[in-house]
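Hi,

Here is the structure I said I'd send over. Have a look at it first, then read on for my notes.

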Amino acid sequence: MIPELGHYALVLALALSLIQSVGPVIGARYRDASLMRLADSTALMQFFFVALSFAALTVSYVTSDFSVANVFENSHSMMPLIYKMTSVWGNHEGSMLLWVLILAVFGAGVAAFGRNLPSSLKALVLAVQSWIATAFYLFILLTSNPFLRLPQAPFEGRDLNPILQDPGLAIHPPLLYLGYVGFSIAFSFAVAALIEGRIDAAWARWVRPWTLAAWMFLTLGIAMGSYWAYYTLGWGGFWFWDPVENASLMPWLSGTALLHSAVVMEKRNALKIWTVLLAILTFSLSLIGTFLVRSGVLTSVHAFATDPTRGIFILGILIAFIGGSLTLFAWRAPMLKQGGLFAPISREGSLVFNNLFLTTACLTVFVGTLYPLALEAMTGEKISVGPPFYNVTFGPLMIALVFAMPFGPLLAWKRGDLLGVAQRLMSAFAVGLVAVAIAFAAEGGQSVLAPFGVGLAFFVMAGAAVDIAERAGLFRVPLATAAKRAAGLPRSAWGTAVAHVGIALTLLGIIGAATWGTERIVALKPSQTVALSGYELSFDGLTQRRGPNYSAQVATFSVHSGGALIGIMEPSKRSFSARGMSTNEAALMMRGLGQLYLSLGDTNADGSIAVRLYYKPLVMLIWFGAVVMMLGGALSLSDRRLRVGAPKPGRKPAAKPALQAAE
Amino acid sequence: MTRKQRRLILIGGSVGVLALAVGLVLNALSGSIVFFNSPTDVAEKHIAAGTRIRVGGLVKPGSVVRGENLRIRFEVTDGNHDVPVRFQGIVPDLFREGQGVVAEGKIEPGGVLDADTVLAKHDERYMPKEVVDALKKSGRWQEGSADGAGVAKK
């Protein structure tokens, strides 16, 4: 009964979505207020029905209703409750349901919080949202229905893929989807603006909070995925340039560009057409990411099922939305009025620089991800594009961008003084140089590039501090006044500084883990000891343990530093009988910002066990930096000027679109 | 500065950065990509020693020899030809004789692959796509012997 209820709720959501796709557009065309308002109620009701549908699937999982094919395939009655719930999105059908749920959440968000939007714009935005929703409801109902029943209910399920039974992965997909799908709002706003044929600075102010929220979730989602890969895969790597990782990185890069170009549009009414294009591209990249991951074109942990009809269906959605929106853009964009002028050296110029480098870097990732697929399709030749490719393409572009980062916020709008800014950044340069010298002395010439990377990171952090100090007038006014001014600075200024510091922290973490880490792979017998970067690790022996739905082989290590016992590490291998799979559970021990990392390999004939040991200094900064970036985003989001629903001084509360059109 | 000049600077700068990126990409594509080969390809193509390649197929039964310090030697086969592989380190959990494997490394003058990466399937039900294709090419593939979901490298 419950699965049928869920299925039916989804069909109702589709029906509502069809109404919302057409009604508000007609309403906006003929200025019919009641038709335009229709979108608000349908958006909220859609959310209700999709949530109901999602709840129905969750209940089926929690109660282990194996008569539902999807539950049978991906759950097991012995699984802990938390994984029963997260299995809902640990498979293709359920994860698509999560996708539309989040789409509905954002749609309802616009309907509920967009009170001060011009009614025609709001109606069109919600209509475009529903076009996307309709496509994905149809996709689920026609090709990936999670509510299908089995003719006879089996006694036991086939279990969730064991490497997905992990707390990190439990929250990774929802975060990532909040990011991916959140960009749909920016897309809908862009398409709505193109349909209306006009766009102004206020548009950017409405789009920015949504984009910022999506970007924050995506940042956290990517970081979470990276940390999961780090501790689950047992290689100690945090980024593999795997196509599936790239699929999430591309929308992040263009989304970051979009955030910055929207600032220019909001403050200076410039870069309008470019911002609209970026909004379209960012969501297009999210769709491409969904296609790459879901279609089975790529083999990876994310490719739950390879079914060609699904691939073709998503490809159809992709072509319709990307092709359609870009055609609309080509047709309507020339009608949008160009805005403010600025000199190449200015805040606007620096943000253009940012956009240029971010989109170009995104392009290199795009080529690296899709070139192997294209080559195989055309010539049958198989290649793999790995880290060496990205190190020489993505790397230099990013370094140039990061170096330029402290300059941007210090430049004045319209016309800036690069020399003056360089002078004000002198202290930051000095901090960077000192950091290079210290890093060089400390590492003893292991690597030439790494100290410069450290210097760059410190330059960026000091640059962010200089920006805040300059704005507060530190050293020019009394300290107390400066402190008061600093506290009173717009939150978005603080957000910029904090997010930029986050980038620098991540950079530091990457350098530390990649160049100063140590790695040993040894075969150990019980009571043998191995030394690693000043730590003594002695292998005490192997024990067997039982978990709820697995059995584990646990190795116990005592870790000594300077003769004193500092802790026990227990890497293990779990084998899951339901799927005949095993997973590797690495043991981690925090040492300051670094980590000791142990993972197990095979047991050899002579009774020894292969062990990978790593010491990774500063590695935690990689993910900590991402969290700081997200906090920067949150600060910016809390800025009064962006607060959703906050009264905007000097703006008439909608309802008079005819007047605004004259702008 | 006129509007036109400003636009020229903007467009010039953009074209410059794009050209730089295209140059970097082309340079990287010619230097740092790795071609996938089946054992038959390796036998027939006469790949120059020192070239980095990926070889995929099945681990030939009876060919695995483990040595000191986690050294391991095995042969990758597609049924028609074999490629000897040398590796030091931890092989994946599901590395077994008769199972699918992908090895990446440099080919040596004697025809041995000095691998630095060995990937195996991660799921009983799954086989790396590259291996499936190599086996299909050599005619040793049986439909239905591997279905659907799983993991290649991860």
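Predicted model: local features only at pLDDT ≥ 70, side-chain atom pairs only at ≥ 80, totals over all residues.

To start with a question: in which loop of chain A does Lys414(A) lie? Lys414(A) sits in the one between helix H14 (407–410) and helix H15 (418–424).

I picked Lys414(A) for its backbone: phi is positive, about 70°, although the residue is not a glycine.

Asn269(A) is another one to check. Its phi is near 60°, again a positive value in a residue other than glycine. You'll find Asn269(A) in the loop between H9 and helix H10 (272–294) of chain A. With 18 C-beta neighbours inside 10 Å, Asn269(A) also counts as partly exposed.

H9 (residues 243–268) of chain A packs with H8 (residues 201–232) of chain A: their axes come within 9 Å and cross at roughly 150°. Angles over 145 degrees count as roughly antiparallel, so that is what H8(A) is to H9(A). The crossing is left-handed. The residues of this contact divide into 15 nonpolar, six polar and three charged.

On the overall layout, chain A is divided into domain 1 (1–165), domain 2 (198–398), domain 3 (405–516) and domain 4 (518–617). The C-alpha centres of domain 1 and domain 3 of chain A lie 45 Å apart.

Cheers

Terms used. Residues numbered from 1 in each chain as written. Chains lettered and ligands numbered in written order. Axes fitted to C-alpha atoms, helices over the stretch in contact; angles between N-to-C directions. Helix = DSSP H or I, 4+ residues; strand = E, 2+ residues; numbered from the N terminus. Parallel < 35°, antiparallel > 145°, perpendicular 65-115°, else oblique. Left-handed = near helix turned anticlockwise from the far one by under 90°. Nonpolar A, V, L, I, M, F, W, Y, C, P; charged D, E, K, R; others polar. Domains from an automatic or database assignment. Buried ≥ 20, exposed ≤ 12 C-beta atoms within 10 Å, placed from the backbone.
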